[in-house]
Amino acid sequence: MRVVTWNLWWRFGPWAERQKAILGALRELRPDVVGLQEVWATDGENLAEWLAGELGLHWTWAPSHAPERWQRRIGDPGVRIGNAVLSRWPVEARAVLPLPAPAEVDDGRLALCTRIVTPTHDVPFFTTHLTSALDGSATRCRQVSVLAEFVAEHSGGTPFPAIVTGDFNAWPDSDEIRLFGGYRTAPVVPGQVLLDAWQYAEPGAPSVTWDPANPYVGEGRYPGARIDYIHVAPPGPGGLGHVRAVRRACDRPVDGVWASDHAAVVADLADRPDYP
């Protein structure tokens, strides 16, 4: 099972040209399930719906409950923002969690939970987008705390481990990533562990997903970092759902167009037991 997470940079920059590049990049990846952040929608079009139609995938999305700060940045109150899931298999269940944030920085970030119905197992699949403030670690700790509880609430009834994707806007050694994982510090939910899939990457593989080599990032003069993640609960029976490979993707221009300001992360998971 190929899983992708990617922040699509909403309607910033040359969004119409980027839309075509996003499609081309996803078509090349041939994913089974995709968690998307900063997905735009208008009264007449939804980027996730369009991508799903072009790629032959199922889809669902959850709009932000407070998009006004985003809309002011592009001067268009008619464009919404949210998270989305694309899936090769039907999406049978859906739940949305608004993420807590102080009023002065609250821009309606959320987590989207889905239940993907594959031919062999249901897959609990989540995608999220945490606050981006550089000094927002305390807020992100609050956000991952409620997210961990949300994951625990919606992950039962299947042997397949929960998959949590998203733009966490946090360095791998940050308090919020350690807290969410639950294996480098005490977990939020007793007994819950969510492994950072990147631990299965080839040593020395390019890992930075917020990369100054991307001109949309370089303008800000911030250091590069890996801030986009695929987290997976421990494998099920026979190694079901374990991470076989993981890598960075969508990290170069497509026909001269950078599709987003973020690179994507791609992980291949075992979709059936490897041993009795």
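Aromatic rings in a predicted model

Author: Trp9, Trp10, Phe12, Trp70 and Tyr216 form a cluster linked by ring pairs. Residues are numbered from 1 along each chain as its sequence is written, and side-chain values use heavy atoms, without hydrogens and water. This is a predicted model, in which local features need pLDDT of at least 70 and side-chain atom pairs count only at pLDDT 80 or more, while totals for chains, interfaces and linings use all residues.

Reader: How many aromatic pairs does a search of the whole structure find?

Author: The search finds nine aromatic pairs. Rings of Phe, Tyr and Trp (its six-membered ring) pair if their centres lie within 6.5 Å; planes under 30 degrees apart are stacked, over 60 edge-to-face, and the rest tilted.

Reader: Why is the pair of Trp15 and Trp40 called edge-to-face?

Author: The ring centres of Trp15 and Trp40 are 5.3 Å apart and the planes stand at 75 degrees, so the pair is edge-to-face. Trp15 is in helix α1 and Trp40 in strand β2, 25 residues apart.

Reader: Is Trp40 buried or exposed?

Author: Buried means under 20% relative accessible area, exposed over 50%, and partly exposed in between (1.4 Å probe, protein chains only). Trp40 has 2% relative accessibility, so Trp40 counts as buried. Trp15 has 29%, so Trp15 is partly exposed.

Reader: What makes the pair of Phe168 and Phe180 tilted?

Author: Their ring centres are 5.4 Å apart and their planes are at 50 degrees, so the pair of Phe168 and Phe180 is tilted. Phe168 is buried at 0% relative accessibility, and Phe180 is buried at 1%.

Technical notes. Helix = DSSP H or I, 4+ residues; strand = E, 2+ residues; numbered from the N terminus.
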